[in-house]
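Here is a quick tour of charges and contacts in one protein model. Have a look at the chain first, then read on.

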Amino acid sequence: MSEPAAPSSPPARPRVLSGIQPTADSFHFGNYLGALRQWVALQEDYDTFFFIADLHAITMGQQDPKVLRSRVRRAVAQLLAMGVDPQRSTMFIQSQVPAHAQLAWVLECITGYGEARRMTQFKDKSAKGGEGQASVGLLTYPILQAADILLYRPEYVPVGEDQRQHLELTRDLAGRFNNRYERTFRLPEPYILKATAKITDLQEPTAKMSKSASSAAGIIELLDDPAVSARKIRSAVTDSGTEVRFDMEHKPGISNLLTIFSSLTGRSVPDLEQAYDGRGYGDFKKDLADAVVDFVTPFRDRTLELLDDVARLDAILRDGEERAAAVAQRTLADVYERVGFMAPSR
Ligand code: AMP
Ligand code: TRP
């Protein structure tokens with residue numbers, strides 16, 4: 001698959017789409033193992049569309065515009081450094097494809113107010129500042145997400161467990177629109193890998209690793225200094241006892257570390273349990289810290305190198321924007337027609 005596909009190539013591969021918000025300077029291990037790694041793997045067999053959800057990134061209040069722009073570029077550079085290949089995947093920025101916001105409006109008008117308020121992520125995020133302080137954008141965020149997805153008619157949407165409810169809403173809205181008007185949208189399936197669907201906080205191993213909720217010691221950022229990440233692994237909270245054994249209920253700390261170790265190295269959990277039988281947590285954590293350093297060191301170097309080549313990043317994004325807009329525009333035109341809007345004159 002090194003040659004670009006010719007226009008007369010065989011029927012298109014089934015489509016996959018996903019997005020990620022540019023709300024931090026670095027992705028963390030939860031993002032990587034829960035979702036982004038699957039993005040890279042799925043490029044092999046699917047026609048993949050990946051985007052940076054910058055429209056979603058202002059739902060919790062404005063970011064400094066310079067910071068937001070820099071985070072969008074950093075997000076793209078990290079995806080490339082992970083192995084997302086712009087020859088095979090269409091990579092774009094959500095705000096550059098206006099059809100996302102346009103379809104979101106139409107979907108908002110078929111979503112119940114109560115239905116939107118029931119989303120658990122809305123409840124959690126709005127509870128933080130008091131619901132009165134939350135923006136209407138935070139409430140309609142999952143509907144914009146539904147628009148992001150439905151425009152591309154994907155078969156699968158690779159995400160972490162926390163996005164399952166948003167995928168259900170997306171399917172509900174697609175079905176509702178198809179019923180009310182005419183079949184327009186494909187109902188997408190979430191693609192959630194059970195083993196890594198919820199990577200947990202290193203200091204609080206029953207909570208998910210999260211950029212907004214985790215303490216600095218609880219989260220491993222991919223672009224952190226590798227020595228700092230190694231230290232965080234070595235001081236991760238483990239459970240009483242000494243046995244390296246996977247048991248989410250009684251040993252959440254060590255189980256989370258086993259998940260990370262296994263998915264980074266490709267060694268199975270039973271194999272790791274056996275290898276560390278009788279050796280205790282210290283050895284295990286030291287080896288995991290080494291595996292983390294081996295992964296993040298070249299990743300960080302590649303990302304920094306890519307960030308130096310702004311012209312290349314911009315060219316990839318321009319190309320992605322064009323390819324994405326062509327697909328999105330076709331779906332939006334169908335929606336306009338079915339709803340009864342006039343087609344734009346140009
Ligand atoms: P976010 O950082 O919330 O924009 O999430 C980006 C992607 O990473 C989404 O698909 C999430 O479901 C996934 N994700 C975020 N945190 C975790 C976690 N701790 N474990 C597994 N997946 C996660
Ligand atoms: N809400 C997702 C998250 O926080 C990001 C996102 C926005 C997304 N639009 C999407 C994910 C469409 C998949 C498909 O992770």
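Arg153 is partly exposed, with a relative accessible area of 27% (buried means under 20%, exposed over 50%, partly exposed in between, using a 1.4 Å probe and protein chains only). You'll find Arg153 in the loop between α6 (136-150) and β4 (156-158); helices here are DSSP runs of H or I with at least four residues, strands are E runs of at least two, and both are numbered from the N terminus. Arg153 isn't a glycine, yet its phi is positive, at about 45°.

The side chain of Arg153 also meets that of Asp334 in a salt bridge, 3.0 Å from N to O (a side-chain nitrogen of Lys or Arg within 4 Å of a carboxyl oxygen of Asp or Glu). That pair links distant parts of the chain, since Asp334 sits in helix α12, 181 residues away from Arg153. Asp334 is partly exposed too, at 25%.

## A word on the model

This is a predicted model: local features need pLDDT of at least 70, side-chain atom pairs count only at pLDDT 80 or more, and totals for chains, interfaces and linings use all residues. Residues are numbered from 1 along each chain as its sequence is written, chains are lettered from A and ligands numbered from 1 in the order in which they are written, and side-chain values use heavy atoms, leaving out hydrogens and water.

The structure holds 20 salt bridges. One of them joins the side chains of Arg15 and Asp47 at 3.2 Å, N to O. Arg15 belongs to strand β1 (residues 15-20) and Asp47 to strand β2 (residues 47-52), so this pair ties together parts 32 residues apart in sequence. Arg15 is partly exposed at 22%, whereas Asp47 is buried at 18%.

Then there's Arg73 with Asp314, at 3.4 Å from N to O. Arg73 lies in helix α2 (residues 65-82) and Asp314 in helix α12 (residues 310-339), so the pair ties together parts that are 241 residues apart in sequence. Glu44, Asp85 and Arg88, meanwhile, are linked in a salt-bridge network.

## Two buried polar side chains

Thr200 is buried at 2% relative accessibility, in the loop between β5 (189-191) and α8 (226-234). A polar atom of the Thr200 side chain lies 3.1 Å from the backbone oxygen of Pro205.

Glu115, in helix α4 (residues 113-117), is buried as well, at 14%. The Glu115 side chain reaches the backbone nitrogen of Gly112 at 3.0 Å.

How values were computed: A polar contact is a pair of N or O atoms within 3.5 Å; within protein, one must be able to donate a hydrogen and the other to accept it, and residues adjacent in sequence count only if both atoms are side-chain atoms.
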